[in-house]
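Please keep the structure in view while reading.

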Amino acid sequence: MSHARSEYEDFKTIAPDAYELVLALGQVAAKAGLDKQLLELVKLRASQINGCAFCVQHHILFSERIGVPVDKLNLVAVWREAPVFSARERAALAWAEALTFLPDGVSEAIYAEASGEFSETELTYLTSAIASINVWNRFGAAFRWTPAKRPAAANAAAS
């Protein structure tokens, strides 16, 4: 892949109003009380699907900082096959995939699973988080934002 067409910081400068709106949309779910670790898994999964390297790396690094277990980060791409995810996480991941792959809409089965695990308010805020990450992914993939490097101290610890 060739180099970035522009960078994340450029977006903040070029379109600060759009940046602030997308940022705000992405923050309302956590402010409404949804679990931050669950939200990061959902954002990571949508970013994987959308092929946004910047967002995948961003959400891996942030997830590590807030204590998401490494096994979950490693297995989120194959969550259906991994027993480390709770029923609530599975419902959220299925919901995220359904809202990220929208050619056929959202099935009744996925809606039933999600609404069985989340209240109407929670599901609405979860949907806002998924909508937001899909917007971020469109910018990151379109402009090929460069993924952040892992901090040097973390690299040394991983060796």
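Of the 159 residues in this protein, 38% count as buried. The model is a predicted one. The accessible surface amounts to about 8,700 Å², and carbon and sulfur atoms account for 59% of that area.

**Overall make-up**

- The protein has nine helices and zero strands.
- Read from the N terminus, the order of elements is α-α-α-α-α-α-α-α-α.
- The radius of gyration is 16 Å, close to the 15 Å that the globule rule gives for 159 residues, so the protein is as compact as a globular protein of that length.

**Extent and contacts**

- Taken along the principal axes, the box filled by the C-alpha atoms is roughly 40 × 40 × 30 Å.
- Among contacts between residues at least 6 apart in sequence, 69% join residues that are at least 24 apart.

**Helices H2 and H8**

- Two packed helices are described by the angle between their axes and by the distance between those axes.
- Helix H2 covers residues 16-31 and helix H8 covers residues 120-143; the angle between the two is about 145°, and their axes lie 7 Å apart.
- The crossing of H2 past H8 is left-handed.
- On the H2 side, the residues in contact are Tyr19, Val22, Leu23, Leu25, Gly26, Val28 and Ala29.
- On the H8 side, they are Tyr125, Ser128, Ala129, Ala131, Ser132, Val135 and Trp136.
- The residues of this H2 and H8 contact comprise 11 nonpolar, three polar and no charged ones.

How values were computed:
Residues are numbered from 1 along each chain as its sequence is written. This is a predicted model: local features need pLDDT of at least 70, side-chain atom pairs count only at pLDDT 80 or more; totals for chains, interfaces and linings use all residues. Side-chain values use heavy atoms; hydrogens and water are left out. Axes are lines fitted to C-alpha atoms, for helices over the stretch in contact, and angles run from 0 to 180 degrees between N-to-C directions. Helices (H or I, at least four residues) and strands (E, at least two) are DSSP runs, numbered from the N terminus. A crossing is left-handed if the near helix is turned anticlockwise from the far one by less than a right angle, and right-handed if clockwise. Contact means heavy atoms within 4.5 Å. Ala, Val, Leu, Ile, Met, Phe, Trp, Tyr, Cys and Pro count as nonpolar, Asp, Glu, Lys and Arg as charged, and the others, Gly among them, as polar. The radius of gyration is taken over C-alpha atoms; the globule rule is 2.2 Å times the number of residues to the power 0.38. Buried means under 20% relative accessible area, exposed over 50%, partly exposed in between (1.4 Å probe, protein chains only). Accessible areas come from the Shrake-Rupley method with a 1.4 Å probe; for residues, only the protein chains shown count as cover.
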